[in-house]
Amino acid sequence: MQYQYQEIENKWRKYWAENKTFAAEDNSVKPKYYVLDMFPYPSGAGLHVGHPLGYIASDVYARYKRLLGFNVLHPMGYDSFGLPAEQYAIQTGQHPAITTKMNIEGGVDKQGNVIPGYRNQLDKIGFSFDWDREVRTSEPNYYKWTQWIFKQLFNSWYNKDADKAEKIDTLIEQFKTKGNAAVNAVCDDVAVFSATDWNSWSEEQQQQLLLNYRIAYLSDTWVNWCPALGTVLANDEIKDGVSERGGHPVEQKLMRQWSMRITAYAERLINGLEGLDWTDSIKDIQRNWIGKSVGASVKFAVHNSQSSNKSLQTENCGLKTDFIEVFTTRPDTIFGVSFMVLAPEHDLVDVITTAEQKSEIEAYKKAASLKSERDRQSDIKNITGAFTGAYAIHPFTGDKIQIWIGDYVLATYGTGAVMAVPCGDQRDWDFATHFGIEIKNIFKDKDISEAAYTEKDAIITDSDFLNNLPAKEAIKKAIAEIEKRGFGKGKTQYRLRDAVFSRQRYWGEPFPVYYKGDVPYLINDANLPVVLPEVDKYLPTEDGQPPLARAKNEDWNVTCPGDRMEYNTMPGWAGSSWYFLRYMDDHNDNEFVAKEKVNYWKNVDLYIGGAEHATGHLLYARFWTKFLYDLGYIPFDEPFQKMINQGMIQGNSALVYRVMLHVEVAFKNSSENIIIPTRRYCFISKNKIESYHKLILLIPNSIQNEIIDEEINKKETTINSDYNSINIKVDNVTSGYADVNFLNGNKLNIEQFKKWRDEFNDAYFILEDSGDFIVDREVEKMSKSKYNVQTPDELVDKYGADTLRCYEMFLGPLEQHKPWDTQGITGVHGFLKKLWRLFHDDNGFVVSDETPTQEELKSLHKTIKKVKEDIERFSFNTPVSAYMICVNELTAQKCNKRAILEPLLIILAPYAPHIAEELWAKLGNTESITYAVFPKYNEAYLVESNHKYPVSFNGKMRFILELPTTLTAAEVESEVMGNEQTIKQLGGQTPKKVIVVPNKIINFVV
RNA sequence: GCCCGAGUGGCGGAAUUGGUAGACGCGCACGACUCAAACUCGUGUUCUUACGAGUGCCGGUUCGACUCCGGCCUCGGGUACCA
């Protein structure tokens, strides 16, 4: 009886859907387990075999946990706002909601392309998702709550004393009664004001001031503007100076934008990593991205400078003058400071530059401003700068030190100014050397004539009170002294910037915001969601406003209480920063998630997805989680406890070698020669390419004759004349792609290939001696343009979902990148057929109730043990071989006993659920195997009476000696010493030492 | 440059705490079944004629190293004047 996988799989898919087999229980006494896949964006291209890799692994784990008695939450949904749908909408005029829906549910698009639909593709693979909990970020009932969370962020500030976010009301209360002097907040630079000041201000002034404190705030910031996409981009959306999507250039632009004060959470985002079970690599990426530096901020007075600009002046050490504030991680080297460098954009540059240096500085500033961010980065070796003519006063020595500007100092980091210590910093050393500035050496016995000494292990010298201290102690002492004398303090600096939160695009969440003048106000909760209005075009307006500016006030579903609605939309990461919470309670109309549900489900136990979200989604989701925790809405402050990053499945492209033949056949009729030129492709099989490569101009006569015959035959029917001559010119050998779906192994199906393109129709093929056409292979990214895309659908049709699931797992460790190769899939399919045959003979189902043998029990129990241990350490590939070994052994033992096969089905069910359900039912079970009990392995069955000792000489195994496991080390030694193979190996020598590890190994040292 | 990760047969990979390197599968070869092919089943398959050698390279620790330590090479990922 044959294994009819299609029939079986359709049957159980239907059963699971009808019975809601995978519905998670909200009020369960069972322990919970939350398994989540990273939120997919439903693209029109659909799934290729790389996408489900992580889903299969998480599904295996979810099913395994159910067998252990856990109440498992395993949901799926769509991150359905995004650029591709919008770009498509711009091209076709079709509303992105329509195309998005089609991408999920399938259909035929405007151009007549069949869209398979994500959901249909996912369903075919037999995932145990609880589909009743599906969410889509672009649905108003979902983004209502994204808007609600935005409102909480707007209505909050970060209290550094409590080290958490608080409601803005607590801040306003303080302003009203005490002003801001005592407020310790993460905020923009705000001048000190009193309660009287505050109370005297207008509503508008108060609102503008509060924006400096809000966690979601509006400000004029330098943003990454991408003209091609018509929107700003966050730092994590830019790779190598161009946009991650599309690779368009990005420029800096000052714009009024929404931002998120994620910097308030910098320290907690670093510290929180420690408790997470993530790879070190992702943790490192996040740590580096946040970029914590510990040091001191120090103020250097500018000599003889009292600018008219009061805001630049500060009072310090009794001096009222202009100060340059710098941040340094090496305050221990302060006596090595021999000059200072400001970024060209620094506010003080114009103030302090002397008349005689003015023109040089102006020229330098201009040159620097013309350089793009990218040029500045790529031009590192070229040292540039200019002297301002001004001097700073060294706070300890009182020495006058030159103030320079240079574009190696970044305006956006720290204070935009550095104290230059050329002996201890390579860039400062390079700068000083280039411009001939003095280099002081403050390191004992270190040579700095060739380069700076950047290690932190030197002893400090020539540094007054820091002399003879090692760097670490000197840093502490220097900070203490700087603080004591009042010109600076210990400080921690982060590289992380606040995240720009608005996008000038249509297909995203509208902000629940309206404006009165320039002041933003929130739409009431009762009026949420603010629904995305219809617009005539998805493009910016003529005067450069975002597409939503095309909607008139009355086009919105809410009445605008002010002058206008917000025209920006939220970025892609808004909806994905909290979606894991919504799955717990996706139908709730009153709350984003009910307290009792989030208290039960808590955070995600296992999160599987790509590593490419390290600095985006994974950082933002952690930020929002911490924020919601601070406000008491959720009981945990990390969203994803354990994460596995699956590797990319690469395509295995098929390359065909080809030359173009220019064939000119001349025909002669009574009066003239008619030359019919044609072009024909000649494809050359892989192993023939070497011989033809050299003979490029000498296509063998036999082939020429064949072509001539073919051409004559063709032409004779159309031209009434005689063949005269033929001339064939041959181009160089090139390679092109063949669609991998035309292959059987590496053999090309020539008929399919010929039909693929009209111009291949009359192509000539040079075959292997065997008569096959063999393609060359190349591993590269899986993509449509390389014709190496393999969809799961085709494989499910050909081998079944169980085979695909097992095979994707069998390919190798989940985390590793690996090329896709369908050749191996037959082996896995064969294994399932073999399993089927354990239960069936030619006449049908045959399972016996006989008592199993020791050998059969051993095969089963070692498999139970291995599978359990492997799944628990997330080694998803190795259980598949364990199943294969078990089935191979049981086949050899001709075992068809229920007592063995029934538990085997349970442990196999996470990987091959359809066949497991079918055989489980055939054994007489009436309930789904999903909630069966994972069998316990019994150590007793695994005990051996004999051990096969490998006998090694100097660590090299030479023969195997089987001895009872009960022997002591001494008994083993005497046994092995008397063995004739030992005597032969020793050849008369006396071993120096014999090592016996009972039931492991024997090793002779000779 | 700096920070991570990885290098094992023709290929994907296995070896969980240092203890038989190459499990399992593919591919390949041979054989059986068949008029034949496909399917299926069986046998073999790291290299070497052998002695032996062998987990990127060099060295170390150990009775014993794919596994631990030091130095290097190659590939992949991150980051890039971050003071």
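Start with a cluster of aromatic residues: ring pairs link Y681, F683, Y737, F742, F753, W756, F760, F765, F773 and Y787. The model is predicted. Across it, the count comes to 80 aromatic pairs.

A pair of aromatic rings is described by the distance of the centres and the angle of the planes. Take F154 and W258. Their ring centres are 5.8 Å apart and their planes meet at 65°. Edge-to-face pairs need an angle over 60 degrees, so this pair is edge-to-face. It also links distant parts of the chain. F154 belongs to helix α6, residues 140-154. W258 belongs to strand β12, residues 251-260.

Now return to the cluster, which includes F742 and F753. The centres of their rings lie 6.5 Å apart, with planes at 75°, so this pair is edge-to-face as well. F742 sits in the loop between β30 (734-738) and β31 (743-744), while F753 sits in helix α23 (residues 750-756), so the pair ties together parts 11 residues apart in sequence. F742 and F753 are both buried.

Rings also meet charges here. The charged end of R119 lies over the ring of W131, at 3.8 Å from its centre. R63 is placed over the face of W16, 4.8 Å from the ring centre.

Finally, step back to the domains. Chain A is assigned domain 1 (147-273 + 502-573), domain 2 (292-494), domain 3 (650-780) and domain 4 (944-1005). Between domain 1 and domain 2, the C-alpha centres are 35 Å apart.

Definitions and conventions:
Residues numbered from 1 in each chain as written. Chains lettered and ligands numbered in written order. Predicted model: local features only at pLDDT ≥ 70, side-chain atom pairs only at ≥ 80, totals over all residues. Heavy atoms only, no water. Domains from an automatic or database assignment. Phe/Tyr/Trp six-rings, centres within 6.5 Å; stacked < 30°, edge-to-face > 60°. Helix = DSSP H or I, 4+ residues; strand = E, 2+ residues; numbered from the N terminus. Buried < 20%, exposed > 50% of the residue type's maximum accessible area, 1.4 Å probe, protein only. Lys NZ or Arg CZ within 6 Å of the ring centre and 35° of its normal.
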